[in-house]
Amino acid sequence: DVSKLDAGVVRPDVSDTDLSALLRRIEGELTPVARARGNQLRVRAGRVPSVRTDPAMLECILRNLIGNALHYTHNGRILVGARRVGGGVRVAVWDTGIGIPEEHLQDIFVEFRQLGNPQRDRNQGLGLGLAIVKRLAALLDHPIGVRSRPGQGSCFWVQLPEAATAAAEVAVPACPELAPALPQTPEQRILVLDDDRSVREAMESLLATWGYRAFAVDTLAEALELDARESFDALVVDYRLP
């Protein structure tokens, strides 16, 4: 998804969107998730004006922001609210979680960057949620921001243009579908290095469907040994090995 956004493949489908209905639906779906972590999720979406945006992309942004707040908050509170600010509508997500040091506030929007997870434990997520938020917001020309204090929580916000007229409530998918668009090049040999077995198997299967021949290993030593015996056209290497 990040690659498609970077490549400019995804195009927004902008329309007048009922923000109140969207926030209420997200609240209904994520409240059980919040309770499972001992958190209280509240959404204030009473008299919120409609906004001009791509509803699917906006939902993806909000789900990532709220999901991030839930992930870093335990036995606390998450509040989602919207109000008119600067000629538009600002949606903010407050939490009482662990907070973020000021020197790392920009790092959190970098892909695969997770504070406190240098070896990228998959049980703690992939570190892509905020990277996707940044790219979608830029694509929609919706400013975003964050304020935080370690030990006191964080506030993430996105600024939306107000719609000229009220929007009808519509159902939208959670995220835009991003179809693969890589060229098929038969007979190419690719070495895949990844310590996650499920990723190796998925890459082998995916590359095979695209007409490539993949050789997957899980350690650098194996990769070097195989590379000494075989000839490869490309390497696909895990971004951060243990």
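Is R24 buried, exposed or partly exposed? R24 is partly exposed, with a relative accessible area of 42%, where buried means under 20% relative accessible area, exposed over 50% and partly exposed in between, using a 1.4 Å probe and protein chains only. The structure is a predicted model, in which local features need pLDDT of at least 70 and side-chain atom pairs count only at pLDDT 80 or more, while totals for chains, interfaces and linings use all residues. Residues are numbered from 1 along each chain as its sequence is written, and side-chain values use heavy atoms, with hydrogens and water left out.

**Overall composition**

- The protein has six helices and ten strands, these being DSSP runs numbered from the N terminus (H or I with at least four residues for helices, E with at least two for strands).
- Of its 242 residues, 41% count as buried.
- Among contacts (heavy atoms within 4.5 Å) between residues at least 6 apart in sequence, 74% join residues at least 24 apart.

**Nonpolar cores**

- The largest nonpolar core has 37 residues, and those with the most contacts inside it are L19, L23, L62, I66, V80 and V91; such a core is a set of buried Ala, Val, Leu, Ile, Met, Phe, Trp, Tyr and Cys residues joined through side-chain atoms within 4.5 Å.
- Two or more residues of this core come from each of helix 2 (19-36), strand 2 (40-44), helix 3 (55-71), strand 4 (77-85), strand 5 (88-95), helix 4 (129-140) and strand 7 (153-161), and helix 3 gives the most, with nine residues.
- Apart from this core lies another, of seven residues, among them F215, A223, L226 and F232.
- I66 touches I26, L30, L41, V80 and V93, when residues up to four places away in sequence are not counted.

**Packing of helix 3 against helix 4**

- The axes of helix 3 and helix 4 come within 9 Å and cross at roughly 150°, the axes being lines fitted to C-alpha atoms over the stretch in contact, with angles running from 0 to 180 degrees between N-to-C directions.
- That angle makes helix 3 roughly antiparallel to helix 4, because angles over 145 degrees count as roughly antiparallel, under 35 as roughly parallel, 65 to 115 as roughly perpendicular and the rest as oblique.
- The contact is made by M57, L58, C60, I61, N64, L65 and N68 of helix 3, together with G129, L130, I132, V133, L136, A137, L139 and L140 of helix 4.
- These contact residues divide into twelve nonpolar, three polar and no charged, where Ala, Val, Leu, Ile, Met, Phe, Trp, Tyr, Cys and Pro count as nonpolar, Asp, Glu, Lys and Arg as charged, and the others, Gly among them, as polar.
- L139, found in helix 4, counts as partly exposed at 32% relative accessibility, and its C-alpha atom is separated by 8.0 Å from that of R11, 128 residues apart along the chain.

- Q152, in the loop between strand 6 (144-149) and strand 7, is exposed, with a relative accessible area of 54%.
- Q152 touches D95, T96, G97 and I98, not counting residues up to four places away in sequence, and the C-alpha atoms of Q152 and I98 are separated by 6.4 Å although the residues are 54 apart along the chain.
- Most residues other than glycine have a negative phi.
- N75, in the loop between helix 3 and strand 4, has a positive phi of about 55° although it is not a glycine, and counts as exposed at 66% relative accessibility.
- D141, in the loop between helix 4 and strand 6, has a positive phi of about 60° although it is not a glycine, and counts as exposed at 67% relative accessibility.
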